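The following report describes one protein chain, moving from its overall surface to a few of its elements.

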Amino acid sequence: TPFYINSIDVDIDKGLSLPISEINALRRNSLDKLLKLRGINTSISFDKKIYDDITLQNKRIYTNKPKLWARFIDINSIPEDISCFDYIFIPADTPESILKSFIQKCIKCSVVPGVELPRALFGLEYKYSEYLKTAYNAGIRDCMCGNIGAIPLAIKAGMRVHGGIGLNITNGYSLDEYSLNELKSALLSFELSLNNANKIYNTI
């Protein structure tokens, strides 16, 4: 289940009891109802003119040099020389002691250290929120999110959010929409040709 309990208040009269099976049934029924509510799709209309207006109002200034990102499965996979990178991301569940040595390595080479949330959380939102708190306390301020559901977790943790490949951004409208939701940068879909990627660049 993607839900967790913040607090429970129980108010019953003295001498009353309830079988465990009934309590479990109550929990299951409540979760089933919550999951159904969570699964209801909300229709979102698309107005191209509104997006065109947003694009014009939020025109960006780009440098000629693209930022070079790197992501590694753990700190042991990071090469000795990292000076060519602008950002390096490692998994968000990396222990704090390792995060601190990772940060020091990045600082020495003027590289921005970051953590990455997994593309599939499957009910682990609370657990990874705690990992983000640990990363933030260690000194990490940048987070890569490859899932739209991970973005609020990173924002809540105080991170600068960068869109990963899992967002599958294929056009300027999507990129603009994500930028309005506090994405600082993003990877475009790997399915795009370089020509099509350049077309997105020219529309924003």
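The accessible surface of the chain, computed on a predicted model, comes to about 14100 Å², and 54% of this area belongs to carbon and sulfur atoms. Seven helices and six strands are found, arranged along the sequence as α-α-β-β-α-β-α-β-α-β-α-β-α.

Strand 4 (residues 142-145) is covered on both faces, with Asp 142 and Met 144 buried on one side and Cys 143 and Cys 145 buried on the other. In a regular strand, side chains alternate between the two faces of the sheet. The pairings of strand 4 are set out below.

| Partner of strand 4 | Sense | Bridges | Residues standing opposite |
|---|---|---|---|
| Strand 3 (residues 112-117) | parallel | four | Gly 114 and Asp 142 |
| Strand 5 (residues 160-163) | parallel | four | Gly 163 and Cys 145 |

From strand 3 the chain passes through helix 4 (residues 125-138) to strand 4 in a right-handed β-α-β crossover, and from strand 4 it passes through helix 5 (residues 151-156) to strand 5, again in a right-handed β-α-β crossover.

In helix 6 (residues 172-180), the buried residues are Gly 172, Leu 175, Asp 176 and Tyr 178; because these residues cover an arc of only 165° around the axis, they lie on the same side of helix 6. At the start of helix 6, a side-chain oxygen of Asn 171 comes to within 3.2 Å of the backbone nitrogen of Tyr 173, while Glu 182, which follows helix 6, has a positive phi near 75°.

Definitions and conventions: Residues are numbered from 1 along each chain as its sequence is written. This is a predicted model: local features need pLDDT of at least 70, side-chain atom pairs count only at pLDDT 80 or more; totals for chains, interfaces and linings use all residues. Side-chain values use heavy atoms; hydrogens and water are left out. Helices (H or I, at least four residues) and strands (E, at least two) are DSSP runs, numbered from the N terminus. Accessible areas come from the Shrake-Rupley method with a 1.4 Å probe; for residues, only the protein chains shown count as cover. Buried means under 20% relative accessible area, exposed over 50%, partly exposed in between (1.4 Å probe, protein chains only). The arc is that of the directions from the helix axis to the C-beta atoms. A polar contact is a pair of N or O atoms within 3.5 Å; within protein, one must be able to donate a hydrogen and the other to accept it, and residues adjacent in sequence count only if both atoms are side-chain atoms. Two strands pair if DSSP finds at least two bridges between them. A crossover is right-handed if, with the strands pointing away from the viewer, the path from the first strand over the helix to the second runs clockwise.
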